[in-house]
Amino acid sequence: MDDLLQEFIAETRETLEAISGEIVAWEAAPADRGRLDAIFRFVHTVKGSCGFLDLPRLARLSHAAEDVLAAVRDGHRVPDTALVNAVLAIVDRIGELVEAIDAGSALDDSSEDLLIAALAPDAAPKTPVVVAMPHRAISRSVRLNVDLLDRMMSGMSEMVLARNELARRLRDAGADPKVEAALQRLSLTVADMRDTVTRTRMQKVDALFSALPRMVRDTSAELGKTVDLIIEGADVELDREMIELMRDPLVHIIRNAIDHGIEPPAERRNAGKREVGRLVVSARQSGNQILIEVADDGQGIDVARIVAKAAEQKLHGVAELAAMSATAKLDLIFAAGLSSRDTVTATSGRGVGMDVVRANIEQIGGRVVLTNDPGRGLRIVVHVPLTLSIISTIIVGVGAQRFALARQSIDEIVTVRGDLVRIETIGDASAAMVRGRRMPLVSLGTLFALSTGAPPTLVIVSTREGVYALGVDTVLDTEEVVVKPASPAVMATGVYAGKTLPDNGLPMLLLDAAGIAAVAGLRFAPMVVDDGVPEDVVVPGVPALLFDDLDGQRRALALAVIDRVEPVSIDAIRWSAGAMRLSVGGAIIPLYAVGDFGGRDEVAVLRLTDGESEMAYAIAEAIEIVTLPHEIAPARRAAPGAGAGAAGPIAGVVLIDGDQVELIDPHALFAGEPVTIAAPPVCLLQVDGSGWMETFLKPALEASGYRCVTALAPGETAAIALAMEDAPVRESAAPVVTLRRTPGTDRDDDASVYRYDRAALIAAIAARRAM
């Protein structure tokens, strides 16, 4: 509201400076209709603005003047000297009130009744009370032509490019420190000027959204519908020119949503929806783009009807339409001349609409994305680039090509190395594991067919839908670039957000992180929006890995249990100490297998963990990641005395894509196997030099889940310490269990444990740890 008020004050001041002379000239030539119309428009504009801004005194004065001027225009009043003086007095008073509002000072209203009374046809000449006009605040704003702002922005863009090129040349030539210091000052000044000049063209999207409530009200009333409009993100800023270019496309999209999408109240009631439709219009910034979204809770798009209409109007052949993908069929709504209406109405049916919307948006380097949910609604997202904006980017290399990526969309950059950052293959899909966090992986080289093999560097990219890893070959530099729209053919690919000319003079494309995720087919968990309608609680499904087991049976296991999937050599698997074990990474862990290895040299294993312990499960092949249904047919338990069987610990059977799939029970898997503790507690052996503890005690304790050491590493702490009763006990922060050499004791208060009483020793260690 403050911005609107300041704009009203500035506009009123400008008009007042010219309107007083117009009134005097109109008195000299009462027949001059042009001057009369100009004066009338001024007071009419002031009256309308005052009603919106809640300025009742100004509204009262301007309304009285408007009535008199309207009577003059209709020929009911003659503009004599008394009338002109009265109108001039009203205009002067409007100016006084405007200055008082700007200065925040009070102004007495005792004379305003006299001013209004002087407008009456039979009013006697009155001397109004003279009020000292408040001091006019110095104006801090100026109106500029948009063309001048364009020239400023273009010049600033060239200055940034020249600064970048100068910095590069000085780096290559090894500049003097004094020259580098001067360049640094220049860079700071240019950056500050860049931000200032950029803001001169920016305007809040509220200027685009402010007319929507009235338009939605009128359109819904015309169609016999009731629609709730929700506006979000009105404070997002966009280039002023882009706002003007977006007005018509946005209006058409919203009218379509009300006309085609939201059903009449009776149909909504029969479908179990609220009678009042819901329309959400929002704006948000994503990287260097503004995303304007229009979402409704209507019936969505009937794709079959669209296809039938396209065939009826011979836009495509029947065979061609049948071979189209679901996305291509949905995009038919953008076909020129296509309309889903059988009759022409005031709002639709002429076949001119969405094709023009998309053409206009693509002309400015944008794109339109549809998300159709039949029966539940349609979401249209318009991606609009920030033209001539200067943003900070990271330059990445793939093969021999370079691309820019907006820094604000990047969480971190990591190198694939060791177990903390690694790439996994699950079925035919790749995933990145970054410090225990699994996320989808998109290799830019593979996506663009520029390179092969696993990418050595991962750029962790954050989008509104989710986070994923973008695999690149190299990360080259950071650079501030001027972004401009690319050609419609380039933008139509969906993976680019614009083009730029960096300091080396070679054109470069800016990547669209969200667009890459969409083109790569990444699916993130959808966000649920509460529309106020009570619905059944939706329990999210559990993701699981679908795999073929060694016995040929297709099974599934919850993904949260799986730490990684990796191939291992058969030579690393041995049957020892009564169990099958796997040697991997310098450790020995239990291995569960159903069936034999069938002469394989290598087998895939699932590395399983419950957060504390780990084991492995041998499989034939990983298929894909699926979501488990809520309905599980429980497994039939074995009869008493029966063996476990070859099928292993099965929780039950689920239905996935029409196939019966056995579900592994991870609880039974871990409960029935001797597992290796991932981080076993440390037991400090305070050895006495005889070697007994190292030879006899250490294997027994490690078999019980402890890791025994004779000296602590720097920063390491022990959970328990053991010492012989006849050896000096070293100071230790851990509780100490004392061992005695003889089995009996004559002292009732002796807390020591006989060194060969294995059960008592383990129990004593556990008890002391719990104290």
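**Close-up A. Arg 268 is a buried residue, with a relative accessible area of 0%.** This is a predicted model. Arg 268 sits in helix 11, which spans residues 265-270. What does Arg 268 touch, not counting residues up to four places away in sequence? Its contacts include Ile 262 and Glu 263. Lys 273, Arg 274, Glu 275, Val 276, Gly 277 and Arg 278 also touch Arg 268. Asp 297 and Gly 298 complete the list. Arg 268 counts as buried because its 0% relative accessible area falls under the 20% cut-off.

**Close-up B. Phe 209, Ile 254 and Leu 279 have the most contacts inside the largest nonpolar core.** That core holds 45 residues. Its largest share, 8 residues, is supplied by helix 10, residues 240-261. A second, separate core has 37 residues, among them Ile 39, Val 46, Val 87 and Leu 119. In soluble globular proteins, nonpolar side chains tend to be buried together.

**Close-up C. Phe 209 is shown with its contacts beyond four places in sequence.** Ile 231, Glu 232 and Ala 234 are in contact with Phe 209.

**Close-up D. Leu 144, Leu 148 and Met 152 make a nonpolar surface patch.** The patch covers about 230 Å². Met 152 belongs to helix 6, residues 146-173. Is Met 152 buried or partly exposed? Its relative accessibility is 32%, so Met 152 counts as partly exposed.

**Close-up E. Ala 711 lies in a loop between two strands.** Strand 33 (707-709) comes on one side, strand 34 (720-724) on the other. Ala 711 is exposed, with a relative accessible area of 55%. That value places Ala 711 in the exposed class because the class starts over 50%. Leaving out residues up to four places away in sequence, Ala 711 touches Leu 684 and Glu 716. Val 687 is 24 residues from Ala 711 along the chain. The C-alpha atoms of Ala 711 and Val 687 are separated by 9.5 Å.

**Close-up F. Glu 96 and Arg 93 form a salt bridge.** The count of salt bridges comes to 27. In this pair, the closest N and O atoms are 2.8 Å apart. Both residues lie in helix 4, residues 81-103. They are 3 residues apart, about one turn of the helix. Glu 96 and Arg 93 are both buried. Side chains of opposite charge can pair when their charged atoms come close.

**Close-up G. Glu 293 and Arg 379 form a salt bridge that links distant parts of the chain.** Glu 293 is in strand 5, residues 289-296. Arg 379 is in strand 7, residues 377-385. Glu 293 is buried, at 9% relative accessible area, whereas Arg 379 is partly exposed, at 26%.

**Close-up H. Asp 563 and Arg 564 form a salt bridge within a network.** The closest N and O atoms of the pair are 3.1 Å apart. Asp 563 counts as partly exposed, at 25% relative accessibility. Arg 564 counts as buried, at 12%. Which residues join Asp 563 and Arg 564 in one network? Arg 422, Glu 424 and Arg 438 do, through salt bridges that share partners.

Note on methods. Residues are numbered from 1 along each chain as its sequence is written. This is a predicted model: local features need pLDDT of at least 70, side-chain atom pairs count only at pLDDT 80 or more; totals for chains, interfaces and linings use all residues. Side-chain values use heavy atoms; hydrogens and water are left out. A nonpolar core is a set of buried Ala, Val, Leu, Ile, Met, Phe, Trp, Tyr and Cys residues joined through side-chain atoms within 4.5 Å. Buried means under 20% relative accessible area, exposed over 50%, partly exposed in between (1.4 Å probe, protein chains only). Helices (H or I, at least four residues) and strands (E, at least two) are DSSP runs, numbered from the N terminus. Contact means heavy atoms within 4.5 Å. Patches are made of residues with over 30% relative accessible area and no salt bridge: like charges are joined within 9 Å, nonpolar side chains (Val, Leu, Ile, Met, Phe, Trp, Tyr) within 5 Å. Accessible areas come from the Shrake-Rupley method with a 1.4 Å probe; for residues, only the protein chains shown count as cover. A salt bridge is a side-chain nitrogen of Lys or Arg within 4 Å of a carboxyl oxygen of Asp or Glu.
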